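Here are my notes on the model you sent over. Have it open while you read.

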Amino acid sequence: MAKVGAKKKSKGVTLADIPRVGPGTPCGQWFRRYWIVVGTAQELYDIPQAVKILGEDLVLFRDQSGKAGLLGEHCPHRGASLEYGDIEDGGLRCPYHGWLFNIHGQCLEMPAEPKENKFCQKVKHLSYPVKELGGLLFAYMGPNRDNPPPLPNYAPLVDRGNQWQIEPVRHADYNWFNFFENSADPAHVCILHRDAGYGQQSWGNQFFSYTEMPHFEFVEMDYGMKVVMTKPGPELGTEFVDEMSLALPSIVQVGDTEFVHAEVDAAALIKAGSQCEHWMFVTPNDDDHFMLFTADNYRGPEANFFEKLKTLRAKETPVQEVMPYDKRKFMPYKGNVRKEDLVTQGTQGLLGERSEQLGVSDRGVIKFRKIVLDAIETALNGGQPKGMVGKKQAGELYRLETQVGLRTKSSN
Amino acid sequence: MAKVGAKKKSKGVTLADIPRVGPGTPCGQWFRRYWIVVGTAQELYDIPQAVKILGEDLVLFRDQSGKAGLLGEHCPHRGASLEYGDIEDGGLRCPYHGWLFNIHGQCLEMPAEPKENKFCQKVKHLSYPVKELGGLLFAYMGPNRDNPPPLPNYAPLVDRGNQWQIEPVRHADYNWFNFFENSADPAHVCILHRDAGYGQQSWGNQFFSYTEMPHFEFVEMDYGMKVVMTKPGPELGTEFVDEMSLALPSIVQVGDTEFVHAEVDAAALIKAGSQCEHWMFVTPNDDDHFMLFTADNYRGPEANFFEKLKTLRAKETPVQEVMPYDKRKFMPYKGNVRKEDLVTQGTQGLLGERSEQLGVSDRGVIKFRKIVLDAIETALNGGQPKGMVGKKQAGELYRLETQVGLRTKSSN
Amino acid sequence: MAKVGAKKKSKGVTLADIPRVGPGTPCGQWFRRYWIVVGTAQELYDIPQAVKILGEDLVLFRDQSGKAGLLGEHCPHRGASLEYGDIEDGGLRCPYHGWLFNIHGQCLEMPAEPKENKFCQKVKHLSYPVKELGGLLFAYMGPNRDNPPPLPNYAPLVDRGNQWQIEPVRHADYNWFNFFENSADPAHVCILHRDAGYGQQSWGNQFFSYTEMPHFEFVEMDYGMKVVMTKPGPELGTEFVDEMSLALPSIVQVGDTEFVHAEVDAAALIKAGSQCEHWMFVTPNDDDHFMLFTADNYRGPEANFFEKLKTLRAKETPVQEVMPYDKRKFMPYKGNVRKEDLVTQGTQGLLGERSEQLGVSDRGVIKFRKIVLDAIETALNGGQPKGMVGKKQAGELYRLETQVGLRTKSSN
């Protein structure tokens with residue numbers, strides 16, 4: 001078994017493997033070692049939901065008792081889509097011939113078969129275990145699905161503040177890793193997002209300055225990597241610190257969400273440290289599409305914090321004026337963080353297919369890719385990749401070390 | 001030459017070959033041994049009609065004398081589409097350089113060539129013989145097109161009732177065989193269509209009951225296969241019988257069309273036997289699209305029978321309530337037979353590509369696939385496949401044995 | 001080095017190579033020996049313009065000093081599209097990390113890199129030299145881009161009449177060579193366009209008669225080929241002549257533009273010779289799309305000549321009546337020259353893929369294809385292909401010999 005985090009050279013696995021998540025691919029095999037977010041509890045209604053996960057066509061549903069299941073989309077009988085099936089009688093019934101499956105894929109009924117027939121008992125449809133945690137639905141699509149590893153106790157889902165939210169799923173049509181590794185590249189915030197900020201990004205303007213960028217450091221962690229951004233503090237020997245975590249396989253924690261939207265005296269706020277926890281879970285649908293799930297907690301004093309955040313985001317109207325001759329697809333985009341990400345991440349193409357020339361400021365990306373390649377290698381060798389929670393760690397709170405605030409500068 | 005209907009094992013030809021109809025494919029070669037419906041007389045106007053048949057791009061037209069022709073879509077000269085040609089001067093004239101072709105593909109004029117030039121006489125464009133029968137246009141795309149086999153005297157097209165109709169062509173965008181073999185699978189009627197029936201399907205509710213399905217039998221016939229569905233009759237020793245025929249290459253006769261729409265006392269009606277003849281001809285455009293042509297006859301006493309049928313079908317509004325969060329593509333579908341077929345047949349994927357697990361209730365499908373494979377094999381071996389009418393049978397009435405009514409139970 | 005215009009047999013290069021222009025293809029290599037029109041000066045605004053040329057994704061822009069550049073669309077750093085970049089600070093700045101490139105592809109700034117870093121100097125992005133001539137933007141995408149051949153002094157761009165115009169770019173979605181070789185085929189004018197003419201094509205009706213076509217001759221020229229069309233003149237020993245030129249790689253000069261639109265007494269007009277110069281430059285985007293650029297000059301006495309031409313063209317409403325059952329895509333098309341071209345050139349498919357049967361009236365096309373194949377061969381052998389202007393011819397006026405008028409018949 002490969003040592004977790006070992007820096008040995010990847011054999012065979014290359015950068016070009018990272019974006020590709022289909023069954024049998026190196027990255028696809030690695031990704032399947034983790035529990036993966038496949039939906040939100042709030043958006044799973046009393047109808048089946050066709051969903052593609054890691055290149056597999058699946059159907060997510062909640063049976064009448066409220067338990068969620070994830071089955072192969074196509075009925076094993078004659079292939080009709082279970083997306084149009086009926087949730088009834090303890091499972092999901094195929095519309096074509098009425099085969100009924102429970103969330104474990106076990107066939108419970110075959111209305112047209114002779115009653116004495118035991119065929120039904122023998123049919124087990126593709127199914128993946130699903131667990132609900134704090135409003136998110138996680139599936140395990142890896143080996144040994146009858147005895148999967150423990151679902152991590154992700155902090156923002158189990159250790160809640162006085163206010164919390166799960167946002168509706170967001171969809172994007174480019175490769176998941178373009179989004180994910182973007183967080184290992186803090187320089188882009190100072191450049192791409194320099195005009196963003198909901199009209200009042202006093203913190204952003206101050207910390208992520210285009211002309212005076214923060215100092216960046218990249219620290220390998222048990223769960224993946226941490227981006228440490230620092231700037232001199234108000235007094236000698238102090239510094240502002242703003243961190244961001246990337247946890248494998250595809251979680252990002254942004255530390256400074258609340259400051260981004262702070263109207264006044266952001267520096268004063270940051271001194272008190274962050275009171276908002278913001279996690280993003282990235283789930284690839286296939287190599288060209290992904291879903292984004294979020295989990296937020298707020299422990300601060302402000303009432304209706306998330307509603308205020310939503311209001312601020314709704315103001316995200318790009319300020320860029322668009323000329324009548326400007327027929328570019330995504331115009332206007334400036335000032336809107338998500339559209340800014342779209343015109344860059346969304347046009348990069350696939351890692352390993354595009355050509356690149358990397359510099360010193362890409363050392364975070366370079367380091368993070370190595371961490372991912374190591375994790376893939378570890379998984380392919382049968383080991384426990386970074387960020388995966390094994391049986392031994394079951395029950396432990398899964399927290400990311402993402403600090404934001406003012407601190408005394410370390411002397412070294 | 002293989003014996004017609006011989007049950008010998010198929011060599012080389014597999015289930016995966018059945019859906020694929022392009023030139024040179026096993027199924028495509030077999031299909032080309034029959035006359036194939038390519039259009040309706042009523043819908044062929046004074047303009048050329050581009051149509052794809054069995055994967056070939058063709059153009060159907062009727063010359064000024066009223067004779068229908070089917071030519072390669074692209075002019076043999078420089079490839080322009082004849083879809084935009086002019087019907088004049090005894091043929092179809094290419095818009096680009098005016099080459100004129102008659103329905104036999106013979107080039108009649110080349111306006112830009114020297115008048116003494118014999119090039120024109122030498123050019124014969126791809127053409128398939130077309131015959132009109134009872135409002136349908138049949139083409140023969142097989143070998144020896146100068147001496148094709150006789151066009152079968154399909155009963156509903158030559159032996160008409162007091163009322164008859166040819167419906168406008170219907171188009172579907174899934175594989176033809178998903179539609180065709182669906183008729184070898186009567187159980188689906190009791191399950192998939194259990195909520196259908198135009199609001200008043202007393203016959204369907206009674207005969208195709210979800211909880212008390214009819215008895216099904218599958219009988220190999222000269223023309224293909226017959227599905228025999230029976231239920232106990234009103235008196236001892238009697239039974240209701242409802243049959244459906246599948247004739248090769250792609251004809252379905254449904255026996256009980258009129259009962260499906262009977263408002264009251266369907267049992268009384270069925271006792272009198274069927275007075276409506278309903279044939280469907282399936283024509284693959286390519287592996288993912290097909291056309292559906294119908295021919296109906298009615299011999300009963302009801303006036304304006306087909307108009308009433310149309311009115312009933314127009315009421316086919318699905319009764320299913322659709323929730324605001326339900327964004328599935330084909331919603332609502334329940335209660336509308338054609339949409340019910342679409343969400344099942346239309347999502348199955350290709351036979352041979354999808355995985356399947358078949359049971360006792362699929363014995364009709366299993367049997368029918370074997371019949372089709374045998375027919376393909378026979379055709380590939382140079383024989384006369386099931387359902388094809390040879391020179392010897394020319395002129396015979398081509399009728400399918402599709403009984404509906406009440407009968408004395410046979411004693412065995 | 002192959003002799004220019006040598007008629008030796010092409011080795012390896014076939015007709016099927018002509019439509020394909022991607023990097024590395026024979027035709028693509030040949031095409032890249034010429035300066036190619038990539039845009040119009042008038043339509044290049046203060047924003048980058050994504051444009052595909054010969055299968056390459058590029059971005060055209062004009063820097064703040066007004067100089068046009070053509071760079072690879074994707075930033076060499078991490079691949080984001082420069083289409084959304086900012087034109088500022090002496091170049092085009094990538095939105096993602098702010099890399100700044102001048103029109104030569106030289107990287108000028110990398111805001112996130114350490115200031116002392118020399119990485120920036122080493123990065124040179126893909127760039128093609130661009131020159132502006134008479135309102136058109138030409139790029140050179142061939143070998144030795146630091147020392148490209150001279151841009152030809154195309155007559156209508158440098159030797160202007162009292163009125164001139166560059167029309168806005170037109171886009172088409174079929175292969176460029178279908179359009180280009182169409183001009184080597186004058187017979188199509190008499191046939192395809194016989195109903196066209198803006199309602200008043202007295203010249204066209206007279207000269208390009210369907211029943212009495214002109215005499216056609218095809219003359220190989222230094223620049224490509226000339227189509228010579230003649231008809232008997234008003235007096236014995238005279239003839240009307242109307243010529244059209246095809247210059248490699250993709251220029252067409254039509255000689256009779258003004259007569260096509262002449263309302264009355266076209267014959268009188270033609271006697272005086274043409275006073276309008278009309279060139280078309282064809283630029284393939286890829287194998288299925290091309291752009292069309294035009295350059296016109298007028299030396300005649302009529303005021304507002306081009307506005308009048310525009311008005312006449314605006315009247316180009318097809319006269320063809322369209323029946324309600326006629327659902328063909330491009331209806332109506334008759335009477336509109338450009339739509340007539342679309343239903344023919346646009347449906348032919350690729351040369352070399354479509355099957356063809358050519359006659360005597362195709363001798364122009366046959367001859368022209370040979371000329372193109374020879375030119376491709378010459379280019380592949382390192383020679384100077386027809387129509388290319390070498391260092392020795394730099395500065396010479398590039399004129400095509402396209403005569404229109406009445407002349408004394410030559411005695412031979």
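The points below cover how the chains are arranged and what sits at their interfaces.

1. Some ground rules. This is a predicted model, in which local features need pLDDT of at least 70 and side-chain atom pairs count only at pLDDT 80 or more, while totals for chains, interfaces and linings use all residues. Residues are numbered from 1 along each chain as its sequence is written, chains are lettered from A and ligands numbered from 1 in the order in which they are written, and side-chain values use heavy atoms, with hydrogens and water left out.

2. How do chain C and chain A relate?

3. On to chain A against chain B. Here 29 residues of chain A are in contact with 34 residues of chain B, contact being heavy atoms within 4.5 Å. The two chains bury about 2,600 Å² between them, with carbon and sulfur atoms giving 51%; buried area is the accessible area (1.4 Å probe) lost when two parts are put together, summed over both. Of what chain A buries against chain B, 33% comes from A:Arg78, A:Tyr84 and A:Tyr96, more than any other three residues supply.

4. Which residue of chain B forms a salt bridge with A:Arg78? One partner is B:Asp185, with the closest N and O atoms 3.5 Å apart. The count between chain A and chain B is six salt bridges (a side-chain nitrogen of Lys or Arg within 4 Å of a carboxyl oxygen of Asp or Glu). The side of chain A that touches chain B has 14 nonpolar, eight polar and seven charged residues, where Ala, Val, Leu, Ile, Met, Phe, Trp, Tyr, Cys and Pro count as nonpolar, Asp, Glu, Lys and Arg as charged, and the others, Gly among them, as polar.

5. Now chain C against chain A. For this pair, 29 residues of chain C touch 34 residues of chain A, and about 2,600 Å² is buried, 52% of it on carbon and sulfur atoms. C:Arg78, C:Tyr84 and C:Tyr96 supply 33% of the area that chain C buries against chain A, more than any other three residues.

6. Charges at that interface: the rule finds six salt bridges between chain C and chain A. One of the pairs is C:Arg78 with A:Glu356, whose closest N and O atoms are 3.7 Å apart.
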